[in-house]
Amino acid sequence: MKNMIAAIVFVISLPAYSRNVPQIMPKSFNVDYYTGTSMMFGHGYDSFKDDSSGKCVIVPATEYDETRTPNTIQESTFKLELIESKYDLAKKLGVTATASLKSGFSKGSATVNYVNEQSLNQYSIYILVSAEILTPLERAKDEQFDSDYIDLARSNPKAFRTKCGNEYVAAIQRGGVFYGLLKLDTEDSASYIRTKASLRAKVGTFKAAVDLEQSISEATSHKSLQIFAFQIGGESQPYPTNVTELINRVKNFPAEVASRPVPLRSITAPYSQLKTFPIEATVFDTATQESVLDYLSQLRFKVTDHRNNVEFILNNKSQFQSFLPEELNKRIDYANEKLNRINYLTKNCLNNFEKCQYPDDFQYQDILLPERLVKSIADQQCKLRTREECGYIYKVIADNACDVLNYNLGKGKVCGTKESSTPVVCTKPVYKESTSAVCGVKLYNQKTSLECGSDLGGECTRSVPIQIMGLLGLNSDKPNRGGSCFNTPKTCRLEKFGVESYNTCRDQSFGVEVPSKCSQPSLEYKECRDPQFGVESYMACASPKHPIEGIRQCYLLETIDPETQILKYQACNP
């Protein structure tokens with residue numbers, strides 16, 4: 001194993017690989033500090049591509065916890081864990097689905113490369129010894145969204161995500177981690193079961209290296225093993241080759257990290273938590289595509305684990321029932337073909353998110369591998385038998401015991417959004433109120449004049465003097481000299497007399513009192529196929545949950561238990 005000190009990926013947990021219950025990765029916002037080109041303060045991160053983006057947040061200052069200094073050891077955690085598969089190892093080391101997939105066709109991080117270097121199989125036992133030493137978190141202070149990207153965030157979410165990602169680096173965790181993967185070889189299936197059972201009582205999480213030391217010593221006593229080590233931070237030293245050296249490295253590691261902590265994780269946060277991020281902006285959603293990559297990653301680990309098991313059988317023929325090597329070699333070629341297909345689907349998904357869909361045409365046919373033997377005793381008979389110990393032949397049915405073929409169509413957040421067809425409605429503005437000619441005349445001036453009409457007067461016994469006639473508006477050229485009656489003018493209001501007052505009203509010319517308001521365009525969810533909508537159909541498979549169609553044949557060693565005198569059968573080599 002090469003001596004390397006590098007950054008480790010700490011992102012999220014991988015779900016158990018099965019398409020029956022696929023899960024979208026939960027966001028823990030812990031990202032490998034060396035992802036892409038830079039994961040420093042203010043830089044963006046795209047959780048879909050597991051890659052760094054441009055710097056779109058301005059971070060004027062950072063801060064630590066007031067009670068701690070940057071090199072203070074804040075937390076030390078020591079673990080001893082059983083590793084069931086390469087998939088399980090990747091999960092415990094925090095390798096993301098996207099990172100594991102990208103390593104199939106491009107250079108991965110130091111941690112991803114470490115996982116890829118391990119060839120785990122189901123016939124050996126693996127123990128992961130880990131020491132994680134953390135110093136105080138350094139957090140961004142008074143960060144601001146870069147105003148140069150506001151228009152882009154508002155107008156083009158897809159282009160904004162390409163430039164800035166969907167999260168930004170808000171804090172950095174420093175410290176160091178040390179991993180030692182122990183491989184314990186077993187000679188047959190019985191010794192595997194015994195050893196595995198005894199180790200389960202030794203695993204756990206410890207707060208002190210001395211407690212871990214005792215468990216490691218007990219777990220590895222009297223067993224041949226190999227050690228594959230890897231570290232980030234601390235001093236550069238040759239990796240341990242035996243358990244004593246491994247224990248000493250773990251015990252000394254906290255002191256090494258305290259004097260030389262290195263960046264481990266960039267803690268990211270969504271842009272929406274920034275006060276200066278435009279409220280109306282939306283980050284381009286890729287939740288569906290991320291779930292597809294998660295599923296492809298599960299397939300890749302499943303196929304790789306199967307290939308490793310086949311290679312172990314071919315290299316240890318004497319430990320297994322007789323088989324045709326050429327048939328198992330075909331399984332390796334078949335697995336490599338499927339891994340190439342997964343690489344192709346991954347590239348398409350990362351290069352064009354619109355083509356990132358569940359590969360419904362992908363099928364991987366499992367086969368029963370030769371059974372591992374128990375060492376036979378010379379005076380007992382090992383022969384081909386048809387018994388339940390050999391296993392059952394199950395009926396091939398398409399039901400929920402098999403992988404999913406298609407999910408139901410539905411609408412929801414996971415599908416993304418689109419603008420609704422509901423029209424935008426706007427209210428009319430309310431103008432200010434005023435009394436003005438714009439509102440029309442309320443009253444004209446009032447006068448007494450024959451233009452208003454007249455009333456017929458009584459007997460006139462005297463003539464009306466010319467002066468009085470003129471005052472009354474009578475025709476003074478024809479005076480009423482005979483004493484007859486004359487007309488009396490009325491009082492009225494006419495337009496020609498001029499305006500006394502105007503009406504009060506609201507008009508645009510007076511200015512706006514209450515402006516017009518328009519409803520925001522509503523969004524509705526798109527339609528897609530996703531696990532949350534339920535299953536539409538399943539693939540056909542033979543599962544232990546299906547009815548039994550027959551009993552398999554295999555070579556069994558027939559023995560009698562000396563205490564109970566009950567006949568027993570164990571797999572053997574004829």
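Tutor: In this predicted model, a helix is a DSSP run of H or I covering at least four residues, and helices are numbered from the N terminus.

Student: With that in mind, which helix holds serine 100?

Tutor: The residue falls within the run 97-102. That run is a helix of this predicted model, and serine 100 is therefore assigned to helix α2.

Student: Is serine 100 buried or exposed?

Tutor: The relative accessible area of serine 100 is 3%. Because buried means under 20%, serine 100 counts as buried.

Student: Which side chain does serine 100 join in a polar contact?

Tutor: Leaving aside residues up to four places away in sequence, serine 100 touches Val95, Ser297, Arg300 and Phe301. One of these residues also takes part in a polar contact of 3.0 Å with the side chain of serine 100, and that partner is serine 297.

Student: Turning to charged pairs, how many salt bridges does the structure hold?

Tutor: One of the salt bridges pairs aspartate 88 with lysine 91, their closest N and O atoms being 3.9 Å apart, and another pairs glutamate 327 with lysine 330 at 3.6 Å. For the structure, the number of salt bridges is 14.

Student: What separation along the helix lies between aspartate 88 and lysine 91?

Tutor: Both residues belong to helix α1, which spans residues 86-92. Because they are 3 residues apart in that helix, the separation is about one helical turn.

Student: In the pair of glutamate 327 and lysine 330, which residue counts as exposed?

Tutor: The two residues lie 3 residues apart in helix α10, which covers residues 325-351. Glutamate 327, with a relative accessible area of 40%, is partly exposed. Exposed means over 50%, and the residue that reaches 52% is therefore lysine 330.

Key. Residues numbered from 1 in each chain as written. Predicted model: local features only at pLDDT ≥ 70, side-chain atom pairs only at ≥ 80, totals over all residues. Heavy atoms only, no water. Buried < 20%, exposed > 50% of the residue type's maximum accessible area, 1.4 Å probe, protein only. Polar contact = N/O pair within 3.5 Å; in protein donor to acceptor, adjacent residues only side chain to side chain. Contact = heavy atoms within 4.5 Å. Salt bridge = Lys/Arg side-chain N within 4 Å of Asp/Glu carboxyl O.
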